[in-house]
Amino acid sequence: MHANILKPLALVLVVTVLAAAGTGVHADAAEPPPAAPDFVLKATDGYNYRLSEYRGEVVALVFWASWCGACRRELERLSELRGIYGDAGLQVLAVAVDEDAQAAAAVARSTGAGYPVLHDAASNVSRAYALESLPMTLLIDRAGRVRSAHGELDAAGGRQLLGELRTLLDE
Amino acid sequence: MSIDNPGIATAMFAGRRRHRAVRPSTGRWRHWACAVLTVAGLVLAAVALAESTAPAQAQTPATFQGLDAEVQALKQEVVDLNRDLFMLEEELLFPANTQVAVFVSMDVGTFFALDSVKIVVDGKDVANYLYTQREAEALLRGGVHRAWLGNLKPGKHEMTAFFTGKGTHDRDYKRGATLTIDKGVGAKYVELRISDRASQLQPEFVVKEWE
């Protein structure tokens, strides 16, 4: 019977001591998120857009291509999110890595994208962000720091993105 | 269980009594030890959590104000230091005897919507700047943008500026303006001014030197 009592108590003790130690370690080890490299690109609407002009707003930066099926779904998702959270400070910038800007513009129109569709003709921005797969969605906080990066999203990933987005909008 | 030998039975009971007499005291000790350790652990955890989360609750408003003033003073010091470092860096990287700076300004802009400016010095591209809507509007409100800061050795240099944008009737418009600058010992400042020539309904690009 005593052994039965001892075990849970010892467990509680170990857990509490670890929790106490863990709080201090976590606070010291936290590193600031990296700053998003600034860029300026021409959009399909003819205007130029600079990322740093969106300081103070949460930016969802998505890299995509017209030949990528998953990218279309991501554009639709972001279009929907912008409709819901646009007034709360969400901005969406879609960077097309296509060689043909017109093809990218046509696909973006078909997805109902109401946000700037930028054309990275020289691939400078893709290189600066070390683009590895398509689509790639980055969430950039109001201070211009990259807080999270997502590849192709399933339902669970979509929920995670939404949760992170809400957290950033609340900051 | 039957007990045939009372002596043995007495010894057994005595042993059980002895056993019982020892066990409860050891159990209590262990129980207390565990309780004390648990409480100690909980206190430790509470203290650690309090240190990480509660200092704000424990501070008085006066302490907060003092802290806020200190933070503001520190921020100001950082801003001043940053400015000094920036100026020092510019002086080191672009000494006055070789420094050349090119500025872009706009006046009115009825016949031209600026998109980009490219600067070529002695046949070499040195700057290519895309203007956003906000930046173009800032120029129209009287702002001046430093499009290039570089070093040139004393002597004559050919500078060409290409302006790209939309002209009248939303047509694509590209114009160049060339200037030969004579770089002396002091810093050289060049202004690229875009203005309207109302008589011809055309934009005008003026390159002007400042000493």
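Let's start our walk in a loop of chain A: Ala130(A) sits between helix H4 and strand E6 of that chain. The model you are looking at is a predicted one. Ala130(A) has a phi near 50 degrees, a positive value in a residue other than glycine. Is Ala130(A) buried or exposed? Ala130(A) counts as exposed because it has 9 C-beta neighbours inside 10 Å, and a residue with 12 or fewer is placed in that class.

Stay in this part of chain A for a moment. Pro135(A) also lies in the loop between helix H4 (124-128) and E6. A cis peptide bond joins Leu134(A) to Pro135(A), with omega at about -5 degrees.

Now turn to a helix. H2 of chain A covers residues 69-85, which makes 17 residues. From its first C-alpha to its last, H2(A) reaches 25 Å, close to the 24 Å expected at 1.5 Å a residue. Which residues of H2(A) are buried? They are Cys71(A), Glu74(A), Leu75(A), Arg77(A) and Leu78(A). Seen down the axis of H2(A), these buried residues fall within an arc of 165 degrees, so they line one face of the helix. The buried residues of H2(A) are covered by elements of chain A including strand E3 (58-64), strand E4 (90-96) and helix H3 (101-110). Strand E6 (136-140) and helix H5 (155-170) also belong to that cover.

H5(A) has 16 residues and spans 23 Å from its first C-alpha to its last, close to the expected 22 Å. Its buried residues are Leu161(A), Leu165(A) and Leu168(A). They cover an arc of only 60 degrees around the axis, which puts them on the same side of H5(A). The face turned away from that buried side carries exposed residues, among them Ala155(A), Arg159(A) and Asp170(A). What covers the buried residues of H5(A) includes E3, H2, E4, E6 and strand E7 (146-150) of chain A.

In soluble globular proteins, nonpolar side chains tend to be buried together. The largest nonpolar core in this model has 36 residues, and those with the most contacts inside it are Leu93(A), Ala94(A), Val95(A) and Leu118(A). Two or more residues come from each of E3, H2, E4, H3, strand E5 (117-119), E6 and H5 of chain A. Which element gives the most to this core? E3(A) does, with 7 residues. For a close-up, pick Ala94(A): leaving aside neighbours within four places in sequence, its contacts include Val62(A), Trp64(A), Leu75(A) and Leu118(A). Apart from this core lies another, of 18 residues, including Met159(B), Ala161(B), Val190(B) and Leu192(B).

That brings us to chain B, which has 4 helices and 8 strands. From the N terminus on, the order of its elements is α-α-α-β-β-β-α-β-β-β-β-β. Of the 211 residues in chain B, 12% are buried. Among its contacts with a separation of 6 or more, 63% join residues 24 or more positions apart.

Within chain B, strand E2 (residues 113-121) and strand E3 (residues 124-130) pair in the antiparallel sense over 6 bridges. Ile119(B) stands opposite Ala127(B) in E3(B). The hairpin of E2(B) and E3(B) has 2 residues between the strands, and Asp122(B) takes a positive phi near 50 degrees there.

Asp170(B), between strand E5 (155-166) and E6 of chain B, has a positive phi near 60 degrees and counts as exposed because it has 9 C-beta neighbours inside 10 Å. Gly186(B) is in the loop between strand E6 (172-183) and strand E7 (188-197). Gly186(B) is exposed, with 11 other C-beta atoms within 10 Å.

Finally, a word on confidence. Chain B has a mean pLDDT of 80, and 79% of its residues reach 70 or more. Over residues 1-22 of chain B, the pLDDT is below 50. The model scores ipTM 0.71 and pTM 0.66.

Key. Residues numbered from 1 in each chain as written. Chains lettered and ligands numbered in written order. Buried ≥ 20, exposed ≤ 12 C-beta atoms within 10 Å, placed from the backbone. Contact = placed C-beta atoms within 7 Å. Expected span 1.5 Å × (residues − 1). Arc of directions from axis to C-beta. pLDDT = per-residue confidence, 0-100. Core = buried A, V, L, I, M, F, W, Y, C linked by C-beta atoms within 7 Å. Pairing = 2+ DSSP bridges.
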